[in-house]
Amino acid sequence: MNKKEITHVQCDGLAVMKMVKHCHEESQGSMEVAQGALLGLSEGNRLEITNCFPFPKSTDETVDEEEYQLAMMRRLRRVNVDHFHVGWYQSADVGNFLSHTLLESQYHYQTSIEESVVVVYDTQKSARGFLTLKAYRLTPQAITMYKEGEFTPDALRQLKIGYEKLFVEIPIHIRNSALSNIMMSELQEMVQEEEGSHFLDLGTAGVLEGHIRVMMDRVDELNQEANKFNKYQQMVMRQEQEKHRQLNKLTQENIARIAKGEPPLPEEDVTKQFRPLPVPLRLNPMIISGQINTVSQHINQFCSQSLAKLYLTEALQGAKETKETK
Amino acid sequence: MSRFFAGGSDSDSESSSEDEQINKVSQPTIQQVVVYSDDEDVKRVVRSQKEKRYEELTNIIKSIRNHRKIKDIGSILSSFEDFTRAYTKAQPVIIKEEKGIIPRFVIRSIVELEDFINVTWEDKDGRKNMSKNNGKSLGTLRQKFRKYIKDFESEMKKFRENPDQGEYEDDEEDKAVEQDSDSEVEVPKAVSFKKEVTVKEIKPKVAKPDDGESDDSMDWGSDSDTSSSSEDEDPTDLRKKFLKKTTEAEKDEPEKAREKKPKLTRPRKEVVAEPEDDDEGGWETVPKYGASEKPKMFAKDAEIDIHIVLSKLNEVMSNRGKKKTDRKLQIEFLHELKTIAEQHNLGAALAVKIRFNIVSAIFDYNLKISEPMKIEYWSKLLEVMADLMKLLLVNLNDIKLSESITDETEEYETKPYRLRGCVLTAVERLDDEFIKLLKECDPHSNDYVERLKDEVTVTKLIEQVLKYVEVQGTPLEICRVYLRKIDHLYYKFDPNVLKKKKGQFENRTSVDEMEKLCHFIYANDNTDRLRTRAILSHIFHHALHDNWFQARDLVLMSHLQETIQHSDPSTQILYNRMMANLGLCAFRQGNIKDAHQCLIELMMTTKPKELLAQGLLPQRQHERSVEQEKVEKQRQMPFHMHINLELLECVYLVSAMLLEIPYMAAHEFDARRRMISKTFYQQLRSSERQSLVGPPESMREHVVAASKAMRHGEWKACSEFIVNKKMNTKVWDLFYEADRVREMLVKFIKEESLRTYLFTYSNVYGSISVPYLSEMYDLPKLKVHSIISKMIINEELMASLDDPTETVVMHRSEPSRLQALSMQLADKITNLVDANERIFEAKQPNFFQRNQGGYNRQNQGGNQGYNRQQNFNQNKRQGQQRNRMQKNNYHQQQQQQQQTIEEKLE
């Protein structure tokens, strides 16, 4: 197993372009998420993604998804495309992809196809000039957790799983053929000097505000979860106390009974009275924590990138001024 | 018809069904006559009424008994129906001869029948084995019987207490009758077998003898002494019919089925043919009976004096409320009496008395309280009432009216006259009737206008009563009549009041009048309700005429807000109306905040229509029962008193906009921000949720569009949305001084837009010049100066005014948007940390104690390892969060740096 562990993903330029195109088309304006299948092959520690195709929209009920996928793959094979299903991709907004559904579908993928990955493409961030394409895989702990279907604090503790251990990010390398590389460099020549300067637009306030708003929502949710857990704790405590009291009473009664020569009452009855309270599930807070984590990472990354941009603009501006003065 | 008789009059409910039954009773008679016409002549005997009825009853009872023996329930049912009919017919006789005591044998039969029904009903196996027909009839019989015996309950009880005694007496009687009827029984039996076929054959001819028959029934209706031949036949015939049926049932089933059909069709035919004839005979003549002797009330040569007329009057009035009296005729008769009295000049007192009686008779005419009276009676009523008042006012000091005067102590002949009666009650009733009439009309029709014209007469009447009561009445009565006057006055707008305020008008206005009336009530009322209503009306009237301060002071002084929910619904409605008007008044006077305060309670519920009693909301899933709806309908305001709801809502929304938008701008990032007006917020939200917003159409859309414009400080767009042609016709033109209100509105919009602008965009300015702002907002420089100063004083705007350069210099001490957000986030994270700490504590309740002594350790033992782990995790998480907070702060700093750089770049 260790041998086959995927350590990096190699993605073809074509597949990337197709994904980007689909995600932008689908998720523009609407809240819907674009999804699709990844095709390729695995070789040792490397997973190659050579092609992909989008899933039909979930709202369209006339199409049978399974059939569609199979048919698609069959046809792609005819035109000599790799037809090995290596995972799936999904669009996301500012790292909010982490959710129950994602976990669940990735779990199903990974249990049926060992090597499969999920590639998450962030439309918003990419629109601002940062291509954000990330590949994730569930950790073995996460898979066992799902297998057992138990999300109680105890179970999670035994698995030693936390929000940071749900997924492993796998680095993506984009590989282009030599021909396309040549074309790219040619295109680069053609780009005018001023072109592309709009990518220098900082727009920091807006982005950060958005991040912070998302973060606030998540924190609120987490807070609620914490309160829920707190309530549960209090209930357990109260129950314990009550149980203790009853047991004390019983022992006293038993002492009295023994003194009278009667057989003591069994303690089981009392313990039976108190059913264990349902433990709040920890999966939800874990996911929220994960989301907060990704958002903070994003903020962190964004800030450093912005700083870099800032210096870049300063330099550019200086260059422009000197050019003009000359 | 019978339903409200039962409730309204004290005559028993049985009589109500009388009219129907008379119809039905005659049906079998006719059939039988057709069949047995041969036998008729033989048995023509003249018997007394009592004898005849009793015989009829006993016959039926006997047949019931017979059927009971063979358990033919279907026949028992029909016999029972006949019995009820016969009994109602016999009732007048019983009342006359037996003084209303129900004869023993009747009671006994009823008791027996009840026992029988109960036993059969209880016997479940028996019921199962019964034929379908019998089973069905048993059900209906039981139901009918139960209903029927309600009237006999007391007698039945008595009978059950000592049944034996009754039996003996009865048996004798029974025997006597039995002998009589037994001989008859044989004959018809034989006949019925033979003539079965003839029944069917003769059927088509039924219509012919009908005519003769209906004549007959007319006869007995008018003079009951000569019992007609057909009547005579009745009991035996009925018997025959039943006998025939039973034999048939026993004999052969198919024939029964065949027989049934014609039987069903026959009565129907007759019902069609008969009703009119019968109605006249059985139903119409009854009133005639009463009326026939009345019009000739006085012998021609009788000397007419006060006593005779009075006794006649009493005689007429004693019929009042009785079921049989024709109320229409009674009124006519009273009128006649009036003319007679006038002809003979019997004095004012009698004239007044008679008129009083006419008025009450007209009131009586309508039996249903919830329904308005007929128009013709209404006009008559007005006439008589006016007449009465004229008389009373002429003899103001001579006639003493009081409810405390009994009939015996009335004085007609010498002055001062003393009479029993109360004009005030009469006029109050009249006023109520007037409102009812108005409510009945379609408010958009001409009828309504026509009716409304009567208000002049009504108010005139009230005025006259007022004059009269002021002289004669007690303070309480004066209060009552004043309140009536106030009710007609308070909602009417008097333009003279405003003129007077400007000094263009000198005379008394309605406000002065209200002042006078209300002050009298405040001083003299001790029922509280009258005073409350007077205060509310007074405030309403003040508010209507823009006397904002007086109105407000009255509201505050009365403390009605605290107690109003304990008062009756109509007062609460008045309170709501008053509040609505007060809000409108505040708005007209430019007190936006007060206007909002007044209206918020009404508008928050989203059903101001119901609260102001201006219409019922469509029913949803039986929210209220029929009675409830009726009651609510009675409470509704007549249309001409309505307050325009759209105006109300518009005023509310506009004042909410003027308050909420600057507030929203000022507290954009305040986590603890509370919205001022929920309804307004909802409107705004729902418009924001729309993907495509078109140009505004309705009033609400206009306000929402204006609010959106105001958010950006665009006062011009905002005021165009609020004040335009569409809104003028819809809303603003409804105000008396519409132009003044519009001007005021635009002024407010400018000011609030300026404030909003400063709140929203102050962070992009280093300094703003005041002249520029005054130009932007088309406001005088001084006004801008004062607004900004106010904002600075209230610490809403972090800035200072620089006088020499006429600029506002921003201090920039407010956090930027990002900073504000970060602060909010920090708040939330602290909350989270707190929550986590609580969890942590709960896990380690005796963290500190643990080191001191092992108290309680066993209890925890098993959990500790886990706890530690958890704590560790949590600590870690908290640590991360803290780090993140620091990171955020770090970001903020970065942010500021970036901004400064940006500015530099620009």
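This briefing summarises confidence, surface, aromatic, charged and backbone features of the structure shown above. The structure is a predicted model. The mean pLDDT of chain A is 81, and 91% of the residues of chain A reach 70 or more. Over all chains, the count comes to 17 aromatic pairs and 36 salt bridges.

**Confidence in chain A**

- Among the elements of chain A, the lowest mean pLDDT, 73, belongs to helix 9 (residues 268-273) of chain A.
- Strand 8 (residues 172-175) of chain A has the highest mean pLDDT among the elements of that chain, at 89.
- Where pLDDT is low, predicted coordinates should not be read in detail.

**Nonpolar surface patch**

- A nonpolar patch on the surface is formed by A:M183, A:M184, A:L187 and A:M190, which together have about 440 Å² of accessible area.
- One of these residues, A:M184, is placed in helix 7 (residues 178-190) of chain A.
- A:M184 counts as partly exposed because its relative accessibility is 48%, which falls between the limits of 20% for buried and 50% for exposed.

**Aromatic contacts and charges over rings**

- A pair of aromatic rings is described by the distance of the centres and the angle of the planes.
- Among the 17 aromatic pairs over all chains is that of A:F53 and A:F55, which is edge-to-face, with 6.4 Å from centre to centre and 80 degrees between the planes.
- Both partners are buried: A:F53 has a relative accessibility of 1%, and A:F55 has a relative accessible area of 10%.
- In chain B, the rings of B:Y490 and B:Y491 have centres 5.6 Å apart and planes at 80 degrees, so this pair is edge-to-face.
- B:Y490 is buried at a relative accessible area of 2%, and B:Y491 likewise counts as buried at 13% relative accessibility.
- One aromatic cluster is made up of B:Y757, B:Y761, B:Y765 and B:Y777.
- Two lysines of chain B lie over aromatic rings: B:K747 is over the face of B:F748, at 5.2 Å from the ring centre, and the charged end of B:K750 is over the ring of B:W715, at 5.1 Å from its centre.

- Side chains of opposite charge can pair when their charged atoms come close.
- A:E225 and A:K228 form a salt bridge in which the closest N and O atoms are 3.6 Å apart.
- Both residues lie in helix 8 (residues 204-260) of chain A, three residues apart, which corresponds to about one turn of the helix.
- A:E225 counts as buried at 10% relative accessibility, whereas A:K228 is partly exposed with a relative accessible area of 49%.

**Salt bridges between helices of chain B**

- B:R480 and B:E428 meet through their side chains in a salt bridge of 2.9 Å, N to O.
- B:R480 lies in helix 21 (residues 475-489) of chain B and B:E428 in helix 19 (residues 423-440) of chain B, so the pair ties together parts that are 52 residues apart in sequence.
- At 25% relative accessibility B:R480 counts as partly exposed, whereas B:E428 is buried with a relative accessible area of 13%.
- A salt bridge also joins B:D432 and B:R484, whose closest N and O atoms are 3.0 Å apart.
- This pair links distant parts of the chain, with B:D432 in helix 19 of chain B and B:R484 in helix 21 of chain B, 52 residues apart.
- B:D432 is partly exposed with a relative accessible area of 35%, and B:R484 counts as buried at 16% relative accessibility.
- Shared partners join the salt bridges of B:K502, B:D546, B:R588, B:E737 and B:R740 into one network.

**Positive phi in chain B**

- Most residues other than glycine have a negative phi.
- B:D778, which is not a glycine, has a positive phi of about 55 degrees.
- B:D778 lies in the loop between helix 37 (770-776) and helix 38 (781-793) of chain B, and B:D778 counts as partly exposed at 46% relative accessibility.
- B:E795 also has a positive phi, near 60 degrees, in a residue other than glycine.
- B:E795 is in the loop between helix 38 and strand 4 (799-802) of chain B.
- B:E795 counts as exposed because its relative accessibility is 62%, over the 50% limit.

Methods:
Residues are numbered from 1 along each chain as its sequence is written. Chains are lettered from A and ligands numbered from 1 in the order in which they are written. Side-chain values use heavy atoms; hydrogens and water are left out. pLDDT is the predictor's confidence in each residue, from 0 to 100. Helices (H or I, at least four residues) and strands (E, at least two) are DSSP runs, numbered from the N terminus. Patches are made of residues with over 30% relative accessible area and no salt bridge: like charges are joined within 9 Å, nonpolar side chains (Val, Leu, Ile, Met, Phe, Trp, Tyr) within 5 Å. Accessible areas come from the Shrake-Rupley method with a 1.4 Å probe; for residues, only the protein chains shown count as cover. A salt bridge is a side-chain nitrogen of Lys or Arg within 4 Å of a carboxyl oxygen of Asp or Glu. Buried means under 20% relative accessible area, exposed over 50%, partly exposed in between (1.4 Å probe, protein chains only). Rings of Phe, Tyr and Trp (its six-membered ring) pair if their centres lie within 6.5 Å; planes under 30 degrees apart count as stacked, over 60 as edge-to-face and the rest as tilted. A charge sits over a ring if NZ of Lys or CZ of Arg is within 6 Å of the ring centre and within 35 degrees of the ring normal.
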